Amino acid sequence: AQDHDKNLRHHTIFWSNPSQNPAWLDPLDANTFRQAMLARVDAFTAGQCPPGASCVLPDPTAMTSIDVINEMIFWDFYRNKLGESDFTGIVKEIYDRVKTNLPAAKLYLNEQPDHLCVFANQCAGLDFEQTSQFVTDSYIQFVQDVQADGVVFDGLALQSHFSDPDLSSAPNRPNPAEIVAE
């Protein structure tokens with residue numbers, strides 16, 4: 001990326017989807033789990049693989065933006081491990097620590113709005129417009145909650161996965177990013 005004058009974006013340090021976390025985290029008590037999360041942040045921001053992992057990381061100072069924690073709204077892996085009050089505390093601590101260790105990087109909250117209802121099983125019986133509104137309202141509420149907890153981030157990242165390459169058949173729907181920005 002640097003050789004071609006391109007920015008380097010990292011996706012992601014943590015992922016709230018339980019199936020995307022290593023099994024060795026499951027038996028950890030809340031305090032040990034919290035320490036493992038912070039050790040991962042320290043390793044990542046130093047350009048090292050976290051304990052128990054094998055990976056190749058770029059120079060962390062080359063990363064211009066980082067999706068710190070992915071899909072936190074409806075996935076509950078970290079909430080279940082830590083409890084709600086410790087969850088909000090660790091989210092703030094993680095964002096603060098990443099920003100301290102990599103001050104030039106832009107830090108993002110990342111979500112996949114297309115699938116929030118599916119994961120939450122809360123959109124049954126809603127039409128498309130109601131579903132879009134539910135997702136948008138959920139995201140806005142989440143952003144307001146983490147900001148109220150003192151989490152400082154530089155932006156919102158929204159991702160999508162499309163199984164049909166022909167998007168011409170997709171309904172004309174409101175863009176959640178535009179609604180959240182308002």
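Which residues have the most contacts inside the largest nonpolar core?

## The nonpolar core

This is a predicted model. Its largest nonpolar core has 34 residues. Those with the most contacts inside this core are Ile66, Val68, Ile69, Ile94, Tyr95 and Leu109. Several elements supply at least two core residues each: strands E1, E2 (63–70) and E3, and helices H1, H2 (77–82), H3 (84–101) and H5 (128–148). Helix H3 gives the most, with 6 residues. In soluble globular proteins, nonpolar side chains tend to be buried together.

Setting aside neighbours within four places in sequence, Leu109 is in contact with Met72, Tyr95, Tyr139, Phe142, Val143, Val146, Phe153, Gly155, Leu156 and Ala157.

## Strands E3 and E4

Strand E3 covers residues 106–111. E3 pairs with E4 in the parallel sense, over 4 bridges.

Now follow E4 itself, residues 155–158. Its side chains alternate. Gly155 and Ala157 point to one face and are buried.

## A buried serine in a loop

Where is Ser16? Ser16 lies in the loop between strand E1 (8–15) and helix H1 (30–45). Its relative accessibility is 1%, so Ser16 counts as buried. The cut-off for buried is under 20%.

Leaving out neighbours within four places in sequence, Ser16 is in contact with Asn21, Ile69, Asn70, Glu71, Met72, Trp75, Asp76, Phe77 and Tyr78.

Key: Residues numbered from 1 in each chain as written. Predicted model: local features only at pLDDT ≥ 70, side-chain atom pairs only at ≥ 80, totals over all residues. Heavy atoms only, no water. Buried < 20%, exposed > 50% of the residue type's maximum accessible area, 1.4 Å probe, protein only. Pairing = 2+ DSSP bridges. Contact = heavy atoms within 4.5 Å. Core = buried A, V, L, I, M, F, W, Y, C linked by side-chain atoms within 4.5 Å.
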